[in-house]
Amino acid sequence: MLRPVSLLLICCLPVAGCFPTQAPERLPVHKTVAAAASADEAYHLDLSGAGLKAIPAELASLRGMAKLTLRGSNLGSLPVGLGDLSDLPWLDMGNAGVSALPADIGRMKTLTTLYLSDNKLKTLPGGIGELVNLNYLNLDRNQLSELPLEIGPLPTLKWLRLTRTHLTALPHE
């Protein structure tokens with residue numbers, strides 16, 4: 001019987017650093033969708049701890065959002081439509097109760113940073129391989145037992161975190 005291996009894969013290429021040059025912690029922070037709707041510059045929408053059970057539909061119509069944080073939510077299975085946030089570069093859904101990602105996540109072509117740590121993910125959709133600008137992917141502390149083959153050829157991925165998952169091996173491809 002194989003015991004689960006805790007894998008930590010951190011590979012950072014020294015090419016222009018691992019994180020965006022405009023650090024999201026320097027962005028103006030809005031705590032409500034209404035406040036973000038009136039923003040006239042790039043911003044961080046932080047809905048952490050708001051007890052969300054679903055992603056608000058109004059998010060798809062917001063412009064200028066550079067970071068979205070949904071920590072402390074209870075989102076469960078995310079709906080098709082997450083891909084409507086196609087201009088979003090930074091998405092933090094760590095500890096958000098996420099149990100499944102929709103296949104259309106691959107439509108988020110500008111996504112560079114994706115935090116999915118401390119969730120209930122058992123699988124990832126193949127669409128994750130379409131995130132061609134993804135630099136950082138954190139899947140720590142999920143229930144993943146395998147990764148889709150599509151994750152291998154991500155052209156800009158510099159950091160892949162997989163600690164405390166149920167992975168025993170990486171895809172051969």
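This is a predicted model: local features need pLDDT of at least 70, side-chain atom pairs count only at pLDDT 80 or more; totals for chains, interfaces and linings use all residues.
This briefing walks through the core, the aromatic rings, the salt bridges and a few backbone details of the structure above. Residues are numbered from 1 along each chain as its sequence is written, and side-chain values use heavy atoms, with hydrogens and water left out. Helices (H or I, at least four residues) and strands (E, at least two) are DSSP runs, numbered from the N terminus.

**Nonpolar core**

- The largest nonpolar core holds 42 residues. A core here is a set of buried Ala, Val, Leu, Ile, Met, Phe, Trp, Tyr and Cys residues joined through side-chain atoms within 4.5 Å.
- "Buried" is under 20% relative accessible area, "exposed" is over 50%, and "partly exposed" sits in between (1.4 Å probe, protein chains only).
- The residues with the most contacts inside this core are L45, L68, M93, L101, L114, L137 and L139.
- Helix α1, strand β2 (43–46) and strand β3 are the elements that give two or more residues to this core.
- If you skip its neighbours within four places in sequence, L137 is in contact (heavy atoms within 4.5 Å) with L114, L116, I128, I151, L157, W159, L160 and R161.

**Aromatic rings**

- There are 3 aromatic pairs in the structure. Rings of Phe, Tyr and Trp (its six-membered ring) pair up if their centres lie within 6.5 Å; planes under 30 degrees apart are stacked, over 60 edge-to-face, and the rest tilted.
- Y115 and Y136 make a tilted pair, because their ring centres are 5.0 Å apart and their planes meet at 45 degrees.
- Y115 sits in strand β7 and Y136 in strand β8, so this pair ties together parts that are 21 residues apart in sequence. Y115 and Y136 are both buried.
- Y136 also pairs with W159, again tilted, at 6.1 Å centre to centre and 45 degrees between the planes.
- W159 is buried, as is Y136.
- Put together, ring pairs link W90, Y115, Y136 and W159 into a cluster.

**Salt bridges**

- Side chains of opposite charge can pair when their charged atoms come close.
- The structure holds 8 salt bridges, each one a side-chain nitrogen of Lys or Arg within 4 Å of a carboxyl oxygen of Asp or Glu.
- D92 and R71 meet through their side chains at 2.9 Å, N to O. This pair links distant parts of the chain, 21 residues apart: D92 is in strand β5 (residues 90–92), while R71 is in the loop between β3 (65–69) and β4 (76–77).
- D92 counts as buried because its relative accessibility is 7%, whereas R71 is partly exposed at 28%.
- D104 bridges to R107, with the closest N and O atoms 3.1 Å apart. D104 is buried, with a relative accessible area of 10%, and R107 is partly exposed at 39%.
- K109 bridges to E130, where the closest N and O atoms are 3.8 Å apart. The partners are 21 residues apart: K109 is in the loop between β6 (98–100) and β7, and E130 is in the loop between β7 and β8.

**Backbone details**

- Most residues other than glycine have a negative phi.
- D118 is not a glycine, yet has a positive phi of about 60 degrees. D118 lies in the loop between β7 (113–115) and β8 (136–138) and is partly exposed, at 29% relative accessibility.
- R164, also a residue other than glycine, has a positive phi near 50 degrees. R164 lies in the segment after β9 (159–161) and is exposed, with a relative accessible area of 58%.
- A35 is in helix α1 (residues 33–37) and is partly exposed, at 28% relative accessible area.
- The C-alpha atoms of A35 and L45 are separated by 8.9 Å, and the two residues are 10 residues apart along the chain.
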